[in-house]
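Please look over the model shown below. The briefing that follows goes through it topic by topic.

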Amino acid sequence: MTPALRRRGPGLRARLTLLATGLVAFVSGLLLLLGWMLVGRVVASSPRFPEGSTVVVDGVEVDSGVLADALGQQARDDVLRSGTIAFLCVVAAAALLAWTIAGRVLQPVHDVTDAARRLSAESLGERLRLAGPRDEVAELADTFDEMLDRLQAAFDSQRRFVANASHELRTPLSVIRTELDVTLSDPDADEEELRRMASVVRSATERAEQLVSALLLLARTDGLGLAVREPVDLNAVVESAWKAVRGEAGERQVRASFVTAPAPAVGDPALLERIAGNLLENAVRHNVPGGWIEVRTEGGPEWTSLRVSSSGPVIAPDRVDELFEPFRRGVADRTARTGTGLGLSIVRAAVAAHEGRVQASAIPGGGLSVAVFLPCAPR
(Lines give C-alpha, C1' and ligand atoms only; values in the text may rest on other atoms or scores of the structure.)
Protein backbone atom coordinates (compact mmCIF):
# COMPACT_ATOMS: atom_id res chain seq x y z
CA MET A 1 0.00 0.00 0.00
CA THR A 2 1.38 3.37 -0.97
CA PRO A 3 1.74 6.23 1.55
CA ALA A 4 -0.93 8.22 -0.38
CA LEU A 5 -3.44 5.43 0.22
CA ARG A 6 -2.51 5.12 3.90
CA ARG A 7 -3.22 8.80 4.48
CA ARG A 8 -6.80 8.44 3.30
CA GLY A 9 -7.93 7.09 6.70
CA PRO A 10 -10.89 4.79 7.33
CA GLY A 11 -13.28 3.99 4.53
CA LEU A 12 -16.81 5.30 4.11
CA ARG A 13 -18.32 2.19 5.70
CA ALA A 14 -16.15 2.59 8.80
CA ARG A 15 -16.90 6.31 9.02
CA LEU A 16 -20.65 5.71 8.75
CA THR A 17 -20.40 3.03 11.43
CA LEU A 18 -18.41 5.30 13.75
CA LEU A 19 -20.86 8.14 13.18
CA ALA A 20 -23.93 6.01 13.89
CA THR A 21 -22.29 4.38 16.91
CA GLY A 22 -21.19 7.74 18.27
CA LEU A 23 -24.72 9.12 17.96
CA VAL A 24 -26.22 6.09 19.72
CA ALA A 25 -23.56 6.28 22.45
CA PHE A 26 -24.24 9.99 22.98
CA VAL A 27 -28.00 9.51 23.24
CA SER A 28 -27.63 6.44 25.48
CA GLY A 29 -25.17 8.23 27.76
CA LEU A 30 -27.50 11.20 27.99
CA LEU A 31 -30.43 8.94 28.90
CA LEU A 32 -28.30 7.17 31.54
CA LEU A 33 -27.30 10.50 33.08
CA LEU A 34 -30.91 11.68 33.12
CA GLY A 35 -32.01 8.40 34.75
CA TRP A 36 -29.31 8.68 37.40
CA MET A 37 -30.29 12.28 38.19
CA LEU A 38 -34.01 11.40 38.22
CA VAL A 39 -33.49 8.57 40.74
CA GLY A 40 -31.52 10.93 42.96
CA ARG A 41 -34.31 13.51 42.85
CA VAL A 42 -36.98 10.93 43.57
CA VAL A 43 -35.08 9.69 46.62
CA ALA A 44 -34.40 13.23 47.82
CA SER A 45 -38.06 14.19 47.53
CA SER A 46 -39.39 11.09 49.32
CA PRO A 47 -40.99 11.65 52.82
CA ARG A 48 -38.49 11.54 55.70
CA PHE A 49 -38.91 10.40 59.31
CA PRO A 50 -38.77 12.99 62.07
CA GLU A 51 -35.33 14.16 63.04
CA GLY A 52 -33.62 11.84 65.52
CA SER A 53 -35.97 8.89 64.91
CA THR A 54 -34.57 5.42 64.34
CA VAL A 55 -35.56 2.48 62.20
CA VAL A 56 -34.92 -1.19 62.98
CA VAL A 57 -33.18 -2.99 60.12
CA ASP A 58 -32.38 -6.70 60.62
CA GLY A 59 -32.72 -6.22 64.36
CA VAL A 60 -30.44 -3.21 64.45
CA GLU A 61 -31.60 0.33 65.16
CA VAL A 62 -30.42 2.73 62.44
CA ASP A 63 -30.86 6.49 62.30
CA SER A 64 -33.59 7.27 59.78
CA GLY A 65 -31.61 10.07 58.06
CA VAL A 66 -28.60 7.81 57.55
CA LEU A 67 -30.85 5.07 56.20
CA ALA A 68 -32.49 7.45 53.69
CA ASP A 69 -29.10 8.61 52.41
CA ALA A 70 -27.89 5.02 52.14
CA LEU A 71 -30.99 3.96 50.22
CA GLY A 72 -30.64 6.92 47.85
CA GLN A 73 -26.99 6.14 47.17
CA GLN A 74 -27.82 2.49 46.68
CA ALA A 75 -30.54 3.34 44.16
CA ARG A 76 -28.23 5.58 42.20
CA ASP A 77 -25.50 2.93 42.21
CA ASP A 78 -27.96 0.31 40.94
CA VAL A 79 -29.12 2.61 38.15
CA LEU A 80 -25.54 3.42 37.22
CA ARG A 81 -24.46 -0.24 37.27
CA SER A 82 -27.43 -1.54 35.28
CA GLY A 83 -27.39 1.44 32.95
CA THR A 84 -23.69 0.97 32.18
CA ILE A 85 -24.26 -2.65 31.19
CA ALA A 86 -27.24 -1.65 29.05
CA PHE A 87 -25.21 1.23 27.57
CA LEU A 88 -22.42 -1.10 26.48
CA CYS A 89 -24.87 -3.60 24.99
CA VAL A 90 -26.74 -0.90 23.07
CA VAL A 91 -23.54 0.64 21.72
CA ALA A 92 -22.20 -2.76 20.63
CA ALA A 93 -25.50 -3.65 18.97
CA ALA A 94 -25.62 -0.26 17.27
CA ALA A 95 -22.06 -0.67 15.94
CA LEU A 96 -22.82 -4.15 14.58
CA LEU A 97 -26.10 -3.05 13.04
CA ALA A 98 -24.58 0.10 11.53
CA TRP A 99 -21.68 -1.89 10.06
CA THR A 100 -24.08 -4.40 8.49
CA ILE A 101 -26.52 -1.83 7.11
CA ALA A 102 -23.73 0.40 5.80
CA GLY A 103 -22.24 -2.59 3.99
CA ARG A 104 -25.55 -3.38 2.33
CA VAL A 105 -26.18 0.24 1.40
CA LEU A 106 -22.68 0.71 0.00
CA GLN A 107 -22.60 -2.58 -1.92
CA PRO A 108 -23.74 -0.90 -5.19
CA VAL A 109 -20.95 1.63 -4.74
CA HIS A 110 -18.49 -1.26 -4.43
CA ASP A 111 -19.97 -2.72 -7.62
CA VAL A 112 -19.32 0.56 -9.40
CA THR A 113 -15.76 0.62 -8.05
CA ASP A 114 -15.10 -2.98 -9.11
CA ALA A 115 -16.49 -2.27 -12.58
CA ALA A 116 -14.25 0.80 -12.89
CA ARG A 117 -11.21 -1.26 -11.87
CA ARG A 118 -12.03 -3.93 -14.46
CA LEU A 119 -12.64 -1.30 -17.10
CA SER A 120 -10.35 -1.31 -20.12
CA ALA A 121 -10.61 -0.79 -23.85
CA GLU A 122 -11.52 -4.49 -24.23
CA SER A 123 -14.22 -4.58 -21.53
CA LEU A 124 -16.23 -1.45 -22.27
CA GLY A 125 -19.29 -3.61 -22.92
CA GLU A 126 -19.82 -4.29 -19.21
CA ARG A 127 -22.72 -2.53 -17.52
CA LEU A 128 -23.99 -2.44 -13.93
CA ARG A 129 -27.73 -2.28 -14.71
CA LEU A 130 -28.43 -1.94 -11.00
CA ALA A 131 -31.85 -3.21 -9.91
CA GLY A 132 -33.80 -2.16 -6.83
CA PRO A 133 -35.14 1.15 -5.58
CA ARG A 134 -34.29 4.22 -7.64
CA ASP A 135 -32.31 6.02 -4.97
CA GLU A 136 -29.11 8.07 -5.13
CA VAL A 137 -26.93 4.96 -5.47
CA ALA A 138 -29.03 3.68 -8.37
CA GLU A 139 -28.72 7.10 -9.99
CA LEU A 140 -24.93 6.89 -9.60
CA ALA A 141 -24.91 3.44 -11.23
CA ASP A 142 -27.10 4.66 -14.11
CA THR A 143 -24.79 7.64 -14.62
CA PHE A 144 -21.82 5.29 -14.68
CA ASP A 145 -23.54 3.11 -17.30
CA GLU A 146 -24.25 6.19 -19.43
CA MET A 147 -20.61 7.22 -19.15
CA LEU A 148 -19.57 3.74 -20.32
CA ASP A 149 -21.92 4.07 -23.29
CA ARG A 150 -20.24 7.32 -24.29
CA LEU A 151 -16.77 5.87 -23.77
CA GLN A 152 -17.59 2.80 -25.84
CA ALA A 153 -18.97 4.95 -28.64
CA ALA A 154 -15.83 7.12 -28.55
CA PHE A 155 -13.52 4.08 -28.57
CA ASP A 156 -15.45 2.48 -31.44
CA SER A 157 -15.28 5.73 -33.39
CA GLN A 158 -11.53 5.98 -32.80
CA ARG A 159 -11.02 2.36 -33.88
CA ARG A 160 -12.94 2.96 -37.09
CA PHE A 161 -11.03 6.18 -37.67
CA VAL A 162 -7.64 4.49 -37.21
CA ALA A 163 -8.67 1.55 -39.40
CA ASN A 164 -9.93 3.85 -42.14
CA ALA A 165 -6.88 6.08 -41.92
CA SER A 166 -4.59 3.04 -42.15
CA HIS A 167 -6.48 1.79 -45.18
CA GLU A 168 -6.36 5.18 -46.88
CA LEU A 169 -2.62 5.52 -46.28
CA ARG A 170 -1.96 1.94 -47.36
CA THR A 171 -3.51 2.53 -50.79
CA PRO A 172 -1.01 5.12 -52.12
CA LEU A 173 1.87 3.29 -50.44
CA SER A 174 0.83 0.05 -52.15
CA VAL A 175 0.66 1.86 -55.48
CA ILE A 176 4.15 3.27 -54.98
CA ARG A 177 5.61 -0.10 -53.99
CA THR A 178 3.92 -1.91 -56.87
CA GLU A 179 5.16 0.58 -59.44
CA LEU A 180 8.70 0.44 -58.06
CA ASP A 181 8.75 -3.36 -57.96
CA VAL A 182 7.41 -3.67 -61.51
CA THR A 183 9.81 -1.11 -62.91
CA LEU A 184 12.87 -2.46 -61.08
CA SER A 185 12.09 -6.04 -62.17
CA ASP A 186 12.04 -4.99 -65.84
CA PRO A 187 15.66 -4.96 -67.11
CA ASP A 188 14.52 -3.36 -70.39
CA ALA A 189 12.75 -0.39 -68.79
CA ASP A 190 13.46 2.68 -70.90
CA GLU A 191 13.20 6.38 -70.14
CA GLU A 192 9.52 6.49 -71.09
CA GLU A 193 8.70 3.69 -68.67
CA LEU A 194 10.66 5.38 -65.88
CA ARG A 195 8.84 8.65 -66.49
CA ARG A 196 5.49 6.85 -66.39
CA MET A 197 6.47 5.19 -63.13
CA ALA A 198 7.64 8.51 -61.69
CA SER A 199 4.33 10.14 -62.65
CA VAL A 200 2.31 7.42 -60.92
CA VAL A 201 4.53 7.58 -57.83
CA ARG A 202 4.19 11.36 -57.74
CA SER A 203 0.39 11.16 -57.90
CA ALA A 204 0.31 8.57 -55.13
CA THR A 205 2.68 10.67 -53.03
CA GLU A 206 0.51 13.76 -53.49
CA ARG A 207 -2.53 11.76 -52.42
CA ALA A 208 -0.75 10.53 -49.28
CA GLU A 209 0.43 14.09 -48.53
CA GLN A 210 -3.10 15.43 -48.88
CA LEU A 211 -4.41 12.77 -46.53
CA VAL A 212 -1.71 13.42 -43.92
CA SER A 213 -2.31 17.18 -44.11
CA ALA A 214 -6.05 16.64 -43.69
CA LEU A 215 -5.49 14.36 -40.71
CA LEU A 216 -3.20 16.92 -39.07
CA LEU A 217 -5.73 19.69 -39.66
CA LEU A 218 -8.51 17.54 -38.21
CA ALA A 219 -6.37 16.72 -35.17
CA ARG A 220 -5.59 20.42 -34.59
CA THR A 221 -9.23 21.50 -34.78
CA ASP A 222 -11.14 18.58 -33.28
CA GLY A 223 -11.95 19.44 -29.65
CA LEU A 224 -9.46 22.32 -29.43
CA GLY A 225 -10.03 26.01 -29.09
CA LEU A 226 -8.90 28.75 -31.43
CA ALA A 227 -5.47 30.30 -31.25
CA VAL A 228 -6.64 33.35 -33.24
CA ARG A 229 -9.90 35.29 -32.89
CA GLU A 230 -10.38 38.36 -35.01
CA PRO A 231 -13.13 39.97 -37.12
CA VAL A 232 -13.49 38.30 -40.51
CA ASP A 233 -15.59 39.16 -43.56
CA LEU A 234 -17.15 35.85 -44.55
CA ASN A 235 -17.81 37.09 -48.11
CA ALA A 236 -14.10 37.72 -48.63
CA VAL A 237 -13.34 34.26 -47.27
CA VAL A 238 -15.80 32.67 -49.70
CA GLU A 239 -14.37 34.65 -52.62
CA SER A 240 -10.83 33.50 -51.79
CA ALA A 241 -11.93 29.88 -51.42
CA TRP A 242 -13.83 29.96 -54.72
CA LYS A 243 -10.72 31.04 -56.64
CA ALA A 244 -9.09 27.72 -55.67
CA VAL A 245 -11.90 25.56 -57.13
CA ARG A 246 -13.12 27.78 -59.99
CA GLY A 247 -10.95 25.96 -62.53
CA GLU A 248 -12.20 22.53 -61.51
CA ALA A 249 -15.80 23.78 -61.61
CA GLY A 250 -15.22 25.09 -65.13
CA GLU A 251 -13.86 21.73 -66.28
CA ARG A 252 -17.00 20.00 -64.98
CA GLN A 253 -19.24 22.76 -66.42
CA VAL A 254 -20.73 23.46 -63.00
CA ARG A 255 -22.64 26.74 -62.78
CA ALA A 256 -22.19 28.77 -59.59
CA SER A 257 -24.35 31.56 -58.23
CA PHE A 258 -23.63 33.73 -55.21
CA VAL A 259 -26.22 35.51 -53.09
CA THR A 260 -24.30 37.59 -50.58
CA ALA A 261 -25.16 39.99 -47.79
CA PRO A 262 -22.99 41.60 -45.10
CA ALA A 263 -21.63 38.61 -43.18
CA PRO A 264 -19.29 39.56 -40.32
CA ALA A 265 -17.84 36.76 -38.22
CA VAL A 266 -15.21 36.28 -35.53
CA GLY A 267 -12.60 33.55 -35.64
CA ASP A 268 -9.46 32.23 -37.28
CA PRO A 269 -9.31 33.48 -40.90
CA ALA A 270 -7.33 30.43 -42.06
CA LEU A 271 -9.79 27.98 -40.54
CA LEU A 272 -12.79 29.91 -41.84
CA GLU A 273 -11.29 29.82 -45.35
CA ARG A 274 -10.76 26.07 -44.92
CA ILE A 275 -14.44 25.69 -43.96
CA ALA A 276 -15.58 27.54 -47.07
CA GLY A 277 -12.99 25.77 -49.22
CA ASN A 278 -14.06 22.30 -48.11
CA LEU A 279 -17.73 23.07 -48.68
CA LEU A 280 -17.05 24.41 -52.18
CA GLU A 281 -14.69 21.52 -53.04
CA ASN A 282 -17.32 18.99 -52.00
CA ALA A 283 -19.98 20.86 -53.96
CA VAL A 284 -17.83 20.71 -57.11
CA ARG A 285 -16.34 17.22 -56.82
CA HIS A 286 -19.56 15.46 -55.79
CA ASN A 287 -21.65 17.30 -58.37
CA VAL A 288 -22.89 16.05 -61.72
CA PRO A 289 -21.54 17.34 -65.06
CA GLY A 290 -23.38 20.52 -65.93
CA GLY A 291 -24.75 20.83 -62.41
CA TRP A 292 -25.21 23.90 -60.24
CA ILE A 293 -23.95 25.43 -57.00
CA GLU A 294 -25.62 28.13 -54.93
CA VAL A 295 -23.74 29.99 -52.19
CA ARG A 296 -25.57 32.23 -49.72
CA THR A 297 -24.17 34.37 -46.92
CA GLU A 298 -26.28 36.27 -44.43
CA GLY A 299 -25.55 38.17 -41.24
CA GLY A 300 -27.77 38.39 -38.19
CA PRO A 301 -27.78 39.92 -34.73
CA GLU A 302 -26.01 36.90 -33.23
CA TRP A 303 -25.16 34.46 -36.02
CA THR A 304 -23.68 34.70 -39.51
CA SER A 305 -24.63 31.91 -41.88
CA LEU A 306 -22.94 30.37 -44.92
CA ARG A 307 -25.04 27.95 -46.97
CA VAL A 308 -23.64 25.95 -49.88
CA SER A 309 -26.22 24.01 -51.90
CA SER A 310 -25.42 21.91 -54.95
CA SER A 311 -26.87 19.35 -57.30
CA GLY A 312 -25.56 15.81 -57.25
CA PRO A 313 -26.50 12.19 -56.64
CA VAL A 314 -29.60 11.38 -54.64
CA ILE A 315 -28.81 11.05 -50.92
CA ALA A 316 -31.17 9.35 -48.50
CA PRO A 317 -32.16 11.81 -45.74
CA ASP A 318 -31.26 9.30 -43.04
CA ARG A 319 -27.69 9.07 -44.38
CA VAL A 320 -26.92 12.79 -44.38
CA ASP A 321 -25.35 12.70 -40.89
CA GLU A 322 -23.00 9.90 -42.01
CA LEU A 323 -21.35 12.28 -44.48
CA PHE A 324 -19.74 14.11 -41.55
CA GLU A 325 -17.96 10.94 -40.41
CA PRO A 326 -14.31 10.58 -41.46
CA PHE A 327 -13.63 8.93 -44.83
CA ARG A 328 -17.20 9.25 -46.05
CA ARG A 329 -17.35 10.28 -49.70
CA GLY A 330 -20.90 10.87 -50.73
CA VAL A 331 -23.11 7.90 -51.46
CA ALA A 332 -20.12 5.89 -52.68
CA ASP A 333 -18.53 5.99 -49.22
CA ARG A 334 -14.86 4.89 -49.40
CA THR A 335 -14.91 3.82 -53.03
CA ALA A 336 -14.57 7.32 -54.44
CA ARG A 337 -11.28 8.14 -56.14
CA THR A 338 -10.99 11.84 -55.33
CA GLY A 339 -10.57 13.66 -52.06
CA THR A 340 -9.57 12.36 -48.66
CA GLY A 341 -13.01 11.75 -47.21
CA LEU A 342 -12.28 14.21 -44.41
CA GLY A 343 -13.75 17.40 -45.87
CA LEU A 344 -16.99 17.57 -43.92
CA SER A 345 -15.32 16.11 -40.81
CA ILE A 346 -12.89 19.02 -40.85
CA VAL A 347 -15.78 21.45 -41.42
CA ARG A 348 -17.63 20.10 -38.38
CA ALA A 349 -14.52 20.22 -36.17
CA ALA A 350 -13.56 23.73 -37.30
CA VAL A 351 -17.09 25.05 -36.79
CA ALA A 352 -17.20 23.49 -33.32
CA ALA A 353 -13.90 25.23 -32.52
CA HIS A 354 -15.64 28.52 -33.42
CA GLU A 355 -18.56 27.58 -31.12
CA GLY A 356 -20.85 27.41 -34.13
CA ARG A 357 -23.05 24.69 -35.59
CA VAL A 358 -23.54 22.84 -38.88
CA GLN A 359 -26.77 21.67 -40.49
CA ALA A 360 -27.08 19.53 -43.60
CA SER A 361 -30.07 18.30 -45.57
CA ALA A 362 -30.61 16.30 -48.73
CA ILE A 363 -32.10 18.12 -51.71
CA PRO A 364 -35.09 16.37 -53.33
CA GLY A 365 -34.06 15.08 -56.72
CA GLY A 366 -30.37 14.90 -55.82
CA GLY A 367 -27.80 17.07 -54.10
CA LEU A 368 -26.89 18.39 -50.69
CA SER A 369 -27.30 21.64 -48.77
CA VAL A 370 -24.90 22.44 -45.93
CA ALA A 371 -25.39 25.47 -43.68
CA VAL A 372 -22.75 26.78 -41.27
CA PHE A 373 -23.70 29.19 -38.48
CA LEU A 374 -20.90 31.22 -36.87
CA PRO A 375 -21.08 33.82 -34.07
CA CYS A 376 -20.97 37.43 -35.19
CA ALA A 377 -19.11 38.57 -32.07
CA PRO A 378 -16.96 36.97 -29.37
CA ARG A 379 -19.08 34.82 -27.08
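**Helical stretches and overall make-up**

Over residues 16-39 the chain is 100% helix and 0% strand, with its end C-alpha atoms 35 Å apart. Helices (H or I, at least four residues) and strands (E, at least two) are DSSP runs, numbered from the N terminus. This is a predicted model, in which local features need pLDDT of at least 70, side-chain atom pairs count only at pLDDT 80 or more, and totals for chains, interfaces and linings use all residues. Residues are numbered from 1 along each chain as its sequence is written, and side-chain values use heavy atoms, with hydrogens and water left out.

**Annotated regions**

- An unreviewed UniProt entry places the feature "transmembrane region" at residues 16-39 and 84-102; such annotations may be inferred rather than shown by experiment.
- Residues 84-102 are also 100% helix and 0% strand, and the end C-alpha atoms of this stretch are 26 Å apart.

**Whole protein**

- The protein has 8 helices and 9 strands.
- Of its 379 residues, 31% are buried, where buried means under 20% relative accessible area, exposed over 50%, and partly exposed in between (1.4 Å probe, protein chains only).
- Among contacts (heavy atoms within 4.5 Å) with a separation of 6 or more, 69% join residues 24 or more positions apart.

**Nonpolar cores**

- A nonpolar core is a set of buried Ala, Val, Leu, Ile, Met, Phe, Trp, Tyr and Cys residues joined through side-chain atoms within 4.5 Å.
- The largest such core has 34 residues, and Ile275, Leu279, Leu306 and Val308 have the most contacts inside it.
- At least two residues of this core come from each of helix 6 (234-251), helix 7 (269-285), strand 6 (292-299), strand 7 (303-310), helix 8 (343-353) and strand 9 (368-375).
- Helix 7 gives the most to this core, namely 8 residues.
- Another core, of 5 residues, lies apart from it and includes Ala115, Ala141, Phe144 and Leu148.
- Leu306 touches residues including Leu234, Val238, Ala276 and Leu279, leaving aside those up to four places away in sequence.

**Helix 8**

- Helix 8 is mostly covered, as 9 of its 11 residues are buried.
- The buried residues of helix 8 include Leu344, Ile346, Val347 and Val351.
- Glu355 follows helix 8 and has a positive phi, near 60 degrees.

**Helix 2**

- Trp36 is found in helix 2.
- Trp36 has a relative accessible area of 34%, so Trp36 is partly exposed.
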